[in-house]
Structures are given as C-alpha cells and as structure tokens.
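New notebook page. I want to look at cavities and aromatic rings here, and jot down what turns up.

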Amino acid sequence: MKTNIITTLLLTGSFFIANAQAKHEDTEIYEPVPKVVTPGKQVGDAPSDAVVLFDKNNLDQWVMTNDRSMPAQWTVDGDLFTVKKGTGNIETKQSFTNYQLHVEWRIPSNITGSDQARGNSGVFLASLGKGDAGYELQVLDSYQNKTYVNGMAGSIYKQFIPLANAARKPGEWQCYDVVWIAPVFNEDGTVKSPAVATVFFNGVLVQNHIELKGPTLYIGQPSYTIKHGPAPIKLQAHGDKSEPISFRNIWVREL
C-alpha cells in the first residue's frame, strides 16, 4: 500500500511539473488557415464553394446515363425537374471522388401504388456505368408505405437499414445531405478501403459513417468487383407505374 501511495505521489508530482513547464502556445496551431466559405443565406442553400448541379431552368449539368452524348431528357419546370417516364436514368457530366451532397426531392401528392412501386427512385452516389450500376441511396415514398426495410427511403439499397424513418407526407419536399468517401483500390484491384457514407434525411441522421459492402445489387450479395476512380452522381428513373417524382436544389462540395 505504501509503495502505491509513493508511486501515485511521484506521478502526480511529475504531472504538475510537466504542466507547469508547458505553455499555452504549445497547443495552438495557426497554419494552414482554413479557406473562407460563405454559407447559403438559408439552410439548404448552396455555399460559395459548391458546384451547383441544379438550381433552375435547365439540366445543363446532366446527361443520359445510357448515352452520355445525349443531354438529360427529364422535364424541367422552373426551379424543379421531374422524371420523364421511358427516358432512363440521368447522371452528372462531371465525376466526383469524395464530396458533400445536398439533394431535394418530392413524392407527388397524387401518388398511387404500394411497396416498391410507389414513388421509387434513387440517388446513386457513384455511377459505375449504364442502367443501375453503382451505389444507391434509395428514394421512395416511405410515409405509411410498408416495404422491406433495407429498401425504404434513407436506406443504402439492399445493404443498410436507415436508423429512422424521417419521411414527410407526399406533396412535401424532402432532402438528403450526404457525405461520401469513395472506395480506394490497390493496384491489383483489391479494396484498400471501402466506400463510406453518412446520410441525413430531412435533418435526421439515418446512416452513420457506414462502410458499404460494394455496389448495389438487386439480387445477391454486394462485393467490390469493379476497380474505379471518380464517378458521376446518378438519378434513377425506376420504371414503376406510379406517378413520377421531382427534384430541385442539388449541389455538391468536393472534399
């Protein structure tokens, strides 16, 4: 017992001596100075360093996924645009690696159907080619609409269930705020570090820094089979018979 007391006193004394010799300047860092970013006037507005992917009037930042030489064919109406049935998915002209994304979407108030055939769409955080190749953050009417929980709004489709159902009623605007860290591959194509996503759905955390198992698969278990670098962001035209959904106010900040 005496030895323990002596040891404690010695250690405590050393602590106070070390801290007495320390200066507050020792833990103050002055460089590098963070760049100045002017935030939007309101929550959800694009900050000064964002790439605005859609604000209003045109889809100049988007192309058709299955033929990237074609401009996006979805319907623009002022400050929003709507999926045009039968045209297919659209994706950004520009490719991104790590980023912060803001996207707003709306299920129409006259929505019909149920389960996965009710306002179905998706935000592919990295498009890996034609069709639905890539990593999908599900878009769906999840307001009083029962479906499998790893396929509801806020899910990383068929991989991760959202931590909460934050869906608003059809007819109201919803938003996703995403932090995406792209996967990194070794020279031989094996995964050095997996993709990581954090997602806020209408301001509610629904995916907390989760490590994706690979690109989205409708059938089977996902895995990393495609080595890739920067990729476009893709929006899905699902093809079900429910009324088409709309998007607005989309911007991205490269990290």
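What volume does the largest cavity have? I get about 70 Å³ for the largest cavity. I called a cavity a set of points on a 1 Å grid over the protein atoms alone where a 1.4 Å probe fits but cannot get out, with lining residues having an atom within 4 Å of a point. This is a predicted model, where local features need pLDDT of at least 70 and side-chain atom pairs 80 or more, while totals for chains, interfaces and linings use all residues. Residues are numbered from 1 along each chain, and side-chain values use heavy atoms, without hydrogens and water.

Next I checked the lining of the largest cavity: 13 residues, with Lys-85, Asn-120, Asp-240, Pro-244 and Ile-245 closest to the centre.

On to the rings. I counted 13 aromatic pairs, taking rings of Phe, Tyr and Trp (its six-membered ring) with centres within 6.5 Å; planes under 30 degrees apart are stacked, over 60 edge-to-face, the rest tilted. Trp-62 and Phe-81 make a tilted pair, 6.4 Å centre to centre with 50° between the planes. Trp-62 and Phe-81 are 19 residues apart, and the pair links distant parts of the chain. Both Trp-62 and Phe-81 are buried (under 20% relative accessible area; exposed is over 50%, partly exposed in between, with a 1.4 Å probe and protein chains only).

Why did I log Tyr-148 and Tyr-157 as tilted? Their planes are at 50°, so the pair is tilted, and the centres are 6.2 Å apart. Tyr-148 is partly exposed at 29%, whereas Tyr-157 is buried at 7%.

Note on methods:
1 Å grid on protein atoms, 1.4 Å probe; cavity = no way out; pocket = protein on both sides within 12 Å on 5 of 7 lines; lining within 4 Å. Points joined across faces, edges and corners; volume = space filled by probe spheres on them. Helix = DSSP H or I, 4+ residues; strand = E, 2+ residues; numbered from the N terminus.
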